[in-house]
Amino acid sequence: MITLKEVKNKKELKAFVTFPFQLYKNSKYWVPPIISDEVATLSADKNPAFLHADAHFFLAYKDNNVVGRVAAIVNWTEINEQNVKKMRFGWFDTIDNLEVSKTLLDKVAEIGKSHQLEFVEGPVGFSNLDKNGALTYGFDHIGTMATWYNHPYYITHFEQLGYLPEKEYIESKFLFKNIPVERFTRVNEIITKRFKLRPSKFTKTKEIVPHIDSMFDLFNKSYSKLSTFVPVSDAQRDYFKQKFINFINPEYIKFVFDENDNMVAFSIVLPSFSEALQEVNGKLFPFGFLKLLKAKKNSKTVLFYLIGVEPHYQNKGVTAIIFKEFYETLKKNRIETCIRLPELANNLASQQIWKDFDCEIIKRRKTFKKEL
């Protein structure tokens, strides 16, 4: 018999966060989160997403052992301001038992119905900057700190419970040696002169901080047309600054400004912490932070996390400026492999940007939807 229990205290929240450590303990590809960071993400007194969202966390038990978990999320900005009557679920993990999955997802649906919502979709987080999508292809590739990993049977469970694929995301990689440097170097020279643009060059974190708010403004503007978009609030900006600042190499943030010092494009690349996070196994102390610091400085793989362009400058070659700057930085740091983190499979404009990079799709992931 499966029983369900809502998380009500810190001890239970830690059990919620650490369940995947048990579920994936023999996986070569699962990348564990930092336990303290994950607890903070799911704590109403730490994460400002809770200012605009309600979340309930449930653990499923069988024979007094945890066998599954799920977060049921109601994003009121999405519902009231965008009129998208969506019940969200995320942080979904389960043993290979359909009854467990059904018990967890039925609870999510029950909450959605109580708020007169129209459908359930997941796995997704609170907003666009959270992880989303269940892995459907590429199970034999190591995960990243920015994505969820899952066993293949999750997809079978969704399908057997009547959930249908909703959005598809792709992840791809390309080798540094295959970057078409001549093409975007030429375009860079033309675009910078035509539009009087200039790139940034940072070596210290404190140099980036004054521009972060402008970057989030541009993020909201450049991503607003995507079907998945939920704006990032001011409080969330401050939260993400603190959350990611220690993981970012300042050389891997690029901004482009116009002649009036207005930001017109940005991109964030992260060093890969995957292997280091596996070694750390969720704990920063006593030596975990040193392993992460080493990866930050020495990783030969980088993750292209975000790229955004002011709508007026889209399709005008501005990304060539960013790519030229990154090429020089990545060459200096002897980067070998570049990973493009999840982007919507139907975002053809974004894919067009990368068409000459000889990219190989290594993973696919989907969200799943069910009418209420």
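**Strand pairing and ring contacts**

Me: Which residue in strand 4 stands opposite Ala71?
Reply: Gly90 stands opposite Ala71. Bear in mind that this is a predicted model.

Me: How many bridges pair strand 3 with strand 4, and in which sense?
Reply: Five bridges, in the antiparallel sense; strand 4 covers residues 86–94.

Me: And how many bridges join strand 2 to strand 3?
Reply: 10 bridges, with strand 2 (residues 53–62) running antiparallel to strand 3. Among the partners, Ala55 is bridged to Ile73 in strand 3.

Me: What about the turn in the hairpin of strand 2 and strand 3?
Reply: Two residues lie between the strands, and Asp63 takes a positive phi near 55°.

Me: Why is strand 3 largely enclosed?
Reply: Of its 11 residues (65–75), 10 are buried, so the rest of the structure largely encloses strand 3.

Me: Switching to rings. How many aromatic pairs are there?
Reply: The structure has 31. One of them is Phe174 with Phe304: the centres are 5.9 Å apart and the planes are at 45°, so the pair is tilted.

Me: Where in the chain are Phe174 and Phe304?
Reply: Phe174 is in strand 7 (residues 164–175) and Phe304 in strand 11 (residues 301–309), 130 residues apart. Both are buried.

Me: What geometry does Phe304 have with Trp354?
Reply: Edge-to-face, at 5.2 Å centre to centre with 85° between the planes. Trp354 is in the loop between helix 13 and strand 13, 50 residues from Phe304.

Me: Which charged end sits over the ring of Phe326?
Reply: That of Lys254, 5.6 Å from the ring centre. Phe326 belongs to a cluster linked by ring pairs, which includes Phe174, Phe304 and Trp354.

Definitions and conventions. Residues are numbered from 1 along each chain as its sequence is written. This is a predicted model: local features need pLDDT of at least 70, side-chain atom pairs count only at pLDDT 80 or more; totals for chains, interfaces and linings use all residues. Side-chain values use heavy atoms; hydrogens and water are left out. Buried means under 20% relative accessible area, exposed over 50%, partly exposed in between (1.4 Å probe, protein chains only). Helices (H or I, at least four residues) and strands (E, at least two) are DSSP runs, numbered from the N terminus. Two strands pair if DSSP finds at least two bridges between them. Rings of Phe, Tyr and Trp (its six-membered ring) pair if their centres lie within 6.5 Å; planes under 30 degrees apart count as stacked, over 60 as edge-to-face and the rest as tilted. A charge sits over a ring if NZ of Lys or CZ of Arg is within 6 Å of the ring centre and within 35 degrees of the ring normal.
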